Amino acid sequence: MDTHPDGYPTVEAVKHMGELLAQRSGGRLAIEHYAGGVLGQERDALEITIFGGIDLNRVNLAPLNPIVPETVVPGLPFLFSSTQHMRSAMDGEPGRRILDALEPHGLIGLCFYDSGGRSFYTTERLIEEPEDLAGLKIRVQSSDLFVEMVSALGGNPTPMDFGEVYQGLMQGTVDGAENNWPSYESTRHFEVAPYYSETRHVMAPEILTMSAISWDRLSEDDRALIRQCAQDSVPYMRGLWDAKVEQSRAAVVASGVRVANPEISAFQQRVQPVWDRFVATPDMRALVADIQALDPAL
């Protein structure tokens, strides 16, 4: 299950995983794909996955935040300094701890897929400093972390399902949203919100999960095979992702979208209270410290 459309890198990565699984199991195991949100939006599909109605689910971290506190950490604004930093952390011990934290909640964490750097885009103006967000209704995911982040930056956070954003922008229900280049382009949001500001305030990855109910039906050998095929799909996804980012950026710039590259220090200062609120336990502080220690820029 994936809310992204067919052809999107996460969708193609799971297809690749299915091909590997079929080859390595002699055709005994395979994956049936449902892209484009045909099984519902992420929150609903996540609940169905926990109860065993969906076997595999590629999900954003935000719907997991109320269930698994560890998933809040990669979504902290400005935690990662670069894509390389994010990948190193999620491929390493911090990522493994986050994946393992899903199991007590009915989910098996298989791997992380890139979700790029999330940036603001609006119908009215470029966001070049936090003050430019004042008075703007910004669509956010249904996540306390994202709500608090946009509030701290001076905007008016408006939770809304991903599939409703285009109409919300067109009708003025929201004045803007925040997402990565491929999502901005593939949803055609750039048609109604042609001002994109590369704040890259969040670089949280997405997670490929499996229902623990489905997992428990498998042999140990099949579990190991599924884990390995999932891991082997990650470099394939990243190659597609990097190419897609460049293609999407070029396409929307060619359409006339205006792009800004703000100085982010003022944004970083504004979100410090968000860190203070959400990094609330010794375990979470340790996880943050371990991620920061892997920053190649340090």
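Why is β2 largely enclosed by the rest of the structure? In this predicted model, 7 of the 7 residues of β2 are buried, so the strand is largely enclosed by the rest of the structure, where buried means under 20% relative accessible area with a 1.4 Å probe and protein chains only. The model is predicted, and local features need pLDDT of at least 70, side-chain atom pairs count only at pLDDT 80 or more, and totals for chains, interfaces and linings use all residues. Residues are numbered from 1 along each chain as its sequence is written, and side-chain values use heavy atoms, with hydrogens and water left out.

**View 1. An open sheet of 3 strands, in the order β1-β8-β2.** The pairing in this sheet is antiparallel, and two strands count as paired if DSSP finds at least two bridges between them; strands are DSSP runs of E with at least two residues, helices are runs of H or I with at least four, and both are numbered from the N terminus. The edge strands, each of which pairs on one side only, are β1 (56-60) and β2 (107-113). From one strand to the next the twist averages 30°.

**View 2. The pairing of β2 with β8.** Strand β8 (residues 206-211) runs antiparallel to β2 and is joined to it by 6 bridges. Phe-112 stands opposite Ile-207 in β8, while Tyr-113 has Glu-206 of β8 as its bridge partner.

**View 3. Helix α1 across the sheet strands.** Helix α1 (residues 9-24) lies across β1, β2 and β8 and runs at about 115° to β2. Axes are lines fitted to C-alpha atoms, for helices over the stretch in contact, and angles run from 0 to 180 degrees between N-to-C directions; contact means heavy atoms within 4.5 Å.

**View 4. The largest pocket, with about 460 Å³ of space.** On a 1 Å grid over the protein atoms alone, a pocket is an open set of points with protein on both sides within 12 Å along at least five of seven lines, a cavity is a set of points where a 1.4 Å probe fits but cannot get out, and lining residues have an atom within 4 Å of a point. Grid points are joined across faces, edges and corners, and a volume is the space filled by probe spheres set on the points. Of the 26 residues that line the largest pocket, Ala-30, Ile-31, Glu-32, Asp-55 and Leu-56 are the closest to its centre. The elements giving two or more residues to this lining are α1, β1 and β8, and the largest share, 4 residues, comes from α1. By class the lining has 17 nonpolar, 4 polar and 5 charged residues; Ala, Val, Leu, Ile, Met, Phe, Trp, Tyr, Cys and Pro count as nonpolar, Asp, Glu, Lys and Arg as charged, and the others, Gly among them, as polar.

**View 5. The largest cavity, with about 280 Å³ of space.** Of the 22 residues that line the largest cavity, the closest to its centre are Glu-42, Asn-60, Arg-139, Gln-141 and Phe-162. Two or more lining residues come from each of α2 (42-50) and β1, and the lining divides into 5 nonpolar, 10 polar and 7 charged residues.

**View 6. The second largest cavity, with about 60 Å³ of space.** Among the residues that line the second largest cavity are Asn-60, Arg-118, Gln-141 and Val-202.

Terms used
Buried means under 20% relative accessible area, exposed over 50%, partly exposed in between (1.4 Å probe, protein chains only).
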